Amino acid sequence: MAQFRREELVAIIKKAHRWGRHVCGHAHGTEGIAWAIESGIDTIEHGQFLDDATAKLTADSGTVFVPTLANDFNRRRLDESGKLPKVQRNRAAELAAMGIVWSTAEERMAHSRKHGVIVAAGTDSGGNAIVLHGDNGAELVMLVECGYSPKEAVLAATSVVAKTIRVDSRGRARSARVRLPGPLPGAGPEARSWARCARSRRARSGRGRRRRPLPDHTGPRD
Ligand SMILES: [Zn+2]
C-alpha cells in the first residue's frame, strides 16, 4: 500500500520541481512506484517489488530506476555467513509471516532489462546497517551478476548518474578511462574479494575526508 496519496505526491513533486529540485522516491511496492511515476517523480529507488507491468511503465515514462543492488549484495553475503543483523532477520521473518515474498535482484532487473528501463547505480550507503559508505561499488558487481555487461554497469555508475542528477556537462565519463579496483566478477569468491577491496580502500582513504569536485570531462559521447 502506498504511504502517500496521489494528491500528496503530485503536490510534493510539483513544489520541488518549481524550486528546481530533483525528486527521488524510495518506493518498494508497485502501487507506490506507479503513482510516483504518474506524479512526475525523477527517480525510483529500490523498486523491490517491481514487476513486468511496472517496469514497462517506468521505461515508457523515462523515469530512472535506481535499484540499490548493494543492499542485495550485502544482505546475501551477510546471510550466507550468518552475520545478517537481527533487525534485518526479524524484518524478513515478519514479511514471510504475512506471505510477502521479496523478489530477487535478478527478477526485478530482468523486468527492467526486458523493457529497457534506464538504470542508474545508487545506493542507501550509510542509511542502514548492511550497506556502509564505501560499499556502493557492489552496485556494479550486482548489475553484472544480473546480466548487465561490465560496460553497461560502468555507464550506469558514471554517465547515466551524471545525466540523472543533471551534471552531465561536466560529469560525462569516458568508459575506457574509468578505473576499477579490479575486474568486474561474475559471481562468487571474486565478488567477495572485490567487496573487501572496496572496504580496504575506504579504510585507507579515511572517513569524512572532503571529496574532490567532479573533474571536467571532454571525452566523446558514450
Ligand atoms: Zn531507501
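A crossing of two helices is called left-handed if the near helix is turned anticlockwise from the far one by less than a right angle. With that in hand, here are some questions about this predicted model.

Q: Are helix 2 and helix 3 roughly parallel or roughly antiparallel?
A: Their axes cross at roughly 15 degrees. Angles under 35 degrees count as roughly parallel. So helix 2 and helix 3 come out as roughly parallel.

Q: How many polar residues sit in the contact of helix 2 with helix 3?
A: On the helix 2 side you'll find Thr-30, Ile-33, Ala-34 and Ile-37, and they meet Thr-54, Leu-57, Thr-58 and Ser-61 in helix 3. Sorting this contact gives no charged residues, four nonpolar and, for the polar class, four.

Q: What is the angle at which helix 7 and helix 8 pack?
A: Helix 7 covers residues 138–145 and helix 8 covers residues 150–157. Their crossing is right-handed. The axes lie 9 Å apart, and the angle is about 140 degrees.

Q: How many charged residues does the contact of helix 7 with helix 8 have?
A: Helix 7 brings Glu-139, Leu-140, Leu-143 and Val-144, which meet Pro-150, Glu-152, Ala-153, Val-154, Ala-156 and Ala-157 in helix 8. Eight of the residues in this contact are nonpolar and none are polar, while the charged ones number two.

Q: How many residues make up the largest nonpolar core?
A: Ala-36, Ile-44, Met-142, Leu-143 and Ala-156 touch the most other members of this core. Helix 2, strand 3, helix 4, helix 6, helix 7 and helix 8 each supply at least two of its residues.

Q: How many helices does the chain have?
A: Read along the sequence, the pattern goes α-β-α-β-α-β-α-α-α-α-α-α-α-α. The strands number three, and the helices eleven.

Q: What share of the contacts with a separation of 6 or more comes from residues 24 or more positions apart?
A: The chain has 222 residues, and 32% of them are buried. Among contacts with a separation of 6 or more, the share from residues 24 or more positions apart is 59%.

Conventions: Residues are numbered from 1 along each chain as its sequence is written. This is a predicted model: local features need pLDDT of at least 70, side-chain atom pairs count only at pLDDT 80 or more; totals for chains, interfaces and linings use all residues. Axes are lines fitted to C-alpha atoms, for helices over the stretch in contact, and angles run from 0 to 180 degrees between N-to-C directions. Helices (H or I, at least four residues) and strands (E, at least two) are DSSP runs, numbered from the N terminus. Two residues are in contact if their C-beta atoms, placed from the backbone, lie within 7 Å. Ala, Val, Leu, Ile, Met, Phe, Trp, Tyr, Cys and Pro count as nonpolar, Asp, Glu, Lys and Arg as charged, and the others, Gly among them, as polar. A nonpolar core is a set of buried Ala, Val, Leu, Ile, Met, Phe, Trp, Tyr and Cys residues joined through C-beta atoms within 7 Å. A residue is buried if 20 or more other C-beta atoms lie within 10 Å of its own, exposed if 12 or fewer, and partly exposed in between; C-beta atoms are placed from the backbone. Angles under 35 degrees count as roughly parallel, over 145 as roughly antiparallel, 65 to 115 as roughly perpendicular and the rest as oblique.
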